[in-house]
Amino acid sequence: MRLLILAIGKLRTGPEQQLALDYMERSTKLGRVLGLSSLRLVEIQESRAASESERRREEADRLIDKLPPRSYAIALDERGKDLTSDAFAGQLRRLIDGSVSDLAFLIGGADGHGPQVANRADLQLSLGKMTWPHRLVRPMLTEQIYRAVTILTNHPYHRA
């Protein structure tokens with residue numbers, strides 16, 4: 001299974017970017033045992049539209065346009081499902097076992113997702129009830145992907 005993170009906006013060079021890249025590399029190496037062939041990040045330009053609704057619509061269209069055909073899509077949304085790390089790992093296991101070829105995580109812009117993303121997403125996932133800075137979402141997501149991989153491979157990283 002190929003994993004893809006589609007994110008609105010470009011993360012500046014810095015510790016957040018390095019941390020996300022580190023977890024992506026770790027996930028790719030350890031995930032091969034599970035059948036995970038790659039983990040890629042695609043950054044998509046933010047909309048410059050004047051209104052919030054138009055920005056959300058344009059960014060949603062850009063995200064959906066980048067989705068691989070028949071991919072399982074998980075949209076990160078503060079109103080989404082709140083999973084434990086073990087439950088997230090279980091979801092990943094079900095997708096691997098279900099022969100899903102592409103799993104895509106969608107990270108919206110500062111205004112959130114447009115309704116097209118909610119309609120297309122197979123799952124809406126929350127990283128918690130608190131509000132997080134946009135630049136921390138990628139390292140937090142990639143860490144949880146890595147943690148899920150370690151749970152599924154019985155690696156000692158995850159200590160419940």
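1. Basis of the values. Local features in this predicted model require pLDDT of at least 70 and side-chain atom pairs count only at pLDDT 80 or more, whereas totals for chains, interfaces and linings use all residues. Residues are numbered from 1 along each chain as its sequence is written, and side-chain values use heavy atoms, with hydrogens and water left out.

2. Overall architecture. Five helices and five strands make up the elements of the chain, where helices (H or I, at least four residues) and strands (E, at least two) are DSSP runs numbered from the N terminus. Their order from the N terminus is β-α-β-α-β-α-β-α-β-α. The C-alpha atoms occupy a box of roughly 50 × 35 × 25 Å along the principal axes.

3. Of the 160 residues, 49% are buried (under 20% relative accessible area; exposed is over 50%, partly exposed in between; 1.4 Å probe, protein chains only). Among contacts (heavy atoms within 4.5 Å) with a separation of 6 or more, 82% join residues 24 or more positions apart.

4. Helix α3. The 13 residues of α3 (residues 85-97) should span 18 Å at 1.5 Å a residue, and the end C-alpha atoms are 18 Å apart, which agrees; the expected span is 1.5 Å times one less than the number of residues. Buried positions in α3 are S85, F88, A89, G90, Q91, L92, L95 and I96. An α-helix has 3.6 residues a turn, so residues three or four places apart point the same way. The buried residues of α3 pack against β3 (72-82), β4 (102-107), β5 (123-126) and α5 (134-152). Just after α3, S99 adopts a positive phi of about 60°.

5. Residue G31. G31 belongs to helix α1 (residues 15-31) and counts as buried because its relative accessibility is 0%. Leaving aside residues up to four places away in sequence, G31 touches L36 and V149. G31 and H155 lie 124 residues apart in sequence, with 11 Å between their C-alpha atoms.

6. Largest pocket. A pocket is an open set of points on a 1 Å grid over the protein atoms alone, with protein on both sides within 12 Å along at least five of seven lines; a cavity is a set where a 1.4 Å probe fits but cannot get out, and lining residues have an atom within 4 Å of a point. The largest pocket holds about 510 Å³, a volume being the space filled by probe spheres set on the points, which are joined across faces, edges and corners. Its lining has 22 residues, with L76, D77, E78, W132 and V137 nearest the centre. β3, β4 and α5 each give two or more residues to this lining, and β3 gives the largest share, four residues.

7. Second largest pocket. This pocket has a volume of about 240 Å³. Among its 14 lining residues, K10, L11, R12, H134 and R135 lie nearest the centre. α5 contributes the most to the lining, three residues.

8. Cavity. One cavity of 30 Å³ or more is counted, and the largest cavity has a volume of about 40 Å³. L3, S27, T28, L36, S38, L39 and I145 line the largest cavity.
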